[in-house]
Amino acid sequence: MWVEKYRPTQISEIVNQKEIMGSLKSFCKKKSELPHLLFSGAAGIGKTTTALCIVKEILGEYWRNFTLELNASDERGINMVRERIKKFSRFYGLSTDIPFKMIILDEADEMTSDAQTALRRIIEDASKYCRFILITNNVSKIIEPLQSRCAVFKFSKISNIDLVEHLHKVSKNENIKNDEYGLKMIADYVNGDLRHAINILQATSSIGNINNQNVKTVLGLTKTKEVETVLMLAIDGKILQARDKMIELIKVYGMSETDFLKFMNQAVFKIKINGLSKAIQTIAKCDYRVLVGANPEIQLTALLSELGDLNGAERGI
Ligand SMILES: Nc1ncnc2c1ncn2[C@@H]1O[C@H](COP(=O)(O)OP(=O)(O)OP(=O)(O)O)[C@@H](O)[C@H]1O
Ligand SMILES: [Mg+2]
């Protein structure tokens, strides 16, 4: 997989995050003074990669032996985490080149606050021999006492310019022809997530060059016009037909529900339907419900019906 093939191995290769890399580099110069670290930020922007780079920089060639990688969302819970950390901190003596062992705790926000409170004690007990790197998508889900024990680094999403530049480098290295529009389309789609961008690049390369048309095909965007048709049917009150078409787009053509909503949002502006502001609010409500786990088919059908009502209300029906 290209995401692994192109995973940076040194801090200097990390794209974006310049300020963070500056501070981390200076931490790495005075190894023994390294604090516990907390990395937070959206998916696919380099948190785990940076943690691995730091560990390699600090521990050198034997980093594997002196690093414990744990996934905090692991269902075995805090007791297992505690046991593994205890065992790990006893295991292997420290040689003179290695100031301490390192523990990477990924997805730390998945831990309950009780587990986080227990972790606070575990970190204290292990501090003499270990440094922790906690990783989270959402820093506000980490309890204050844990945050205050760490140097906190908030990673930002990758800018479109950096995304395009990186994708260009990867495709050049893979000898894949690309044009600027294809790369820009990927960058626009992924909302700052470099992992997602590289995955789309690889998927597109399997059907041909990286151009607008091929990227659209991979993203299932060739069907955006059809969402407009669904909208027209709905506002004409033809809910059954609108629903059939919507289900076809999702089940047969593989359009994700989130994309359907995104295109619907664009379509209401394009078609300039009556009751635009109500329509936008209805779409936003549906988007939220789908995001938090409501049944997408029920929600999208309700959306079509509400859009139909909306227009009916405008016409005074
Ligand atoms: N800042 C970056 N510089 C270079 N490559 C990156 C960067 N961010 C992501 N990547 C690419 O994406 C892949 C995944 O990145 P990484 O695992 O560090 O993401 P993450 O921030 O930990 O995401 P998640 O929150 O989903 O775990 C890497 O293997 C690499 O190919
Ligand atoms: Mg990660």
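The points below go from the overall fold to single residues.

1. Ground rules. This is a predicted model, so local features need pLDDT of at least 70 and side-chain atom pairs count only at pLDDT 80 or more, while totals for chains, interfaces and linings use all residues. Residues are numbered from 1 along each chain as its sequence is written, chains are lettered from A and ligands numbered from 1 in the order in which they are written, and side-chain values use heavy atoms, with hydrogens and water left out.

2. Overall picture. The chain contains 15 helices and 5 strands; these are DSSP runs numbered from the N terminus, with helices being H or I of at least four residues and strands E of at least two. The C-alpha trace spans about 80 × 50 × 30 Å along its principal axes. Of the 317 residues, 46% count as buried. Here buried means under 20% relative accessible area, exposed means over 50%, and partly exposed is in between, with a 1.4 Å probe and protein chains only.

3. A helix pair. How do α8 and α10 cross? Helix α8 (residues 180-190) and helix α10 (residues 212-219) have axes that come within 7 Å and cross at roughly 30°. That angle makes α8 roughly parallel to α10, since angles under 35 degrees count as roughly parallel, over 145 as roughly antiparallel, 65 to 115 as roughly perpendicular and the rest as oblique. The axes are lines fitted to C-alpha atoms, for helices over the stretch in contact, and the angles run from 0 to 180 degrees between N-to-C directions. The crossing of α8 and α10 is right-handed; that is the term when the near helix is turned clockwise from the far one by less than a right angle, and left-handed if anticlockwise.

4. Two residues are worth a look between α7 (160-173) and α8, one of them being D179. D179 is partly exposed, at 28% relative accessibility, and its C-alpha atom is separated by 37 Å from that of R243, 64 residues away along the chain. N175 is found in that loop between α7 and α8 as well. Although N175 is not a glycine, its phi is positive, at about 55°, and the residue is exposed, with a relative accessible area of 71%.

5. Another positive phi. N16 sits in the loop between α1 (2-5) and α2 (18-29). Its phi is near 70°, a positive value in a residue other than glycine. Is N16 buried or exposed? With a relative accessible area of 13%, N16 is buried.

6. Side chains of opposite charge can pair when their charged atoms come close. The structure holds 14 salt bridges, each being a side-chain nitrogen of Lys or Arg within 4 Å of a carboxyl oxygen of Asp or Glu. In helix α11 (residues 224-235), E228 and K225 lie 3 residues apart, about one turn of the helix, and they form a salt bridge whose closest N and O atoms are 3.2 Å apart. E228 is buried at 16% relative accessibility, whereas K225 is exposed at 52%. In helix α12 (residues 239-252), K245 and E248 are likewise 3 residues apart, and their side chains meet at 3.3 Å, N to O. E248 is partly exposed, at 31% relative accessibility.

7. A salt bridge between helices. Which side chain does E297 meet in a salt bridge? The partner is K251, at 3.0 Å from N to O. This pair links distant parts of the chain, with E297 in helix α15 (residues 296-314) and K251 in helix α12, 46 residues apart. E297 is partly exposed at 30% relative accessibility, and K251 is exposed at 58%. Salt bridges that share partners also join K223, E226, K245 and E248 into one network.

8. A strand residue. L105 lies in strand β3 (residues 101-106) and is buried, with a relative accessible area of 0%. L105 and T136 are 31 residues apart in sequence, and their C-alpha atoms are 8.9 Å apart in space.
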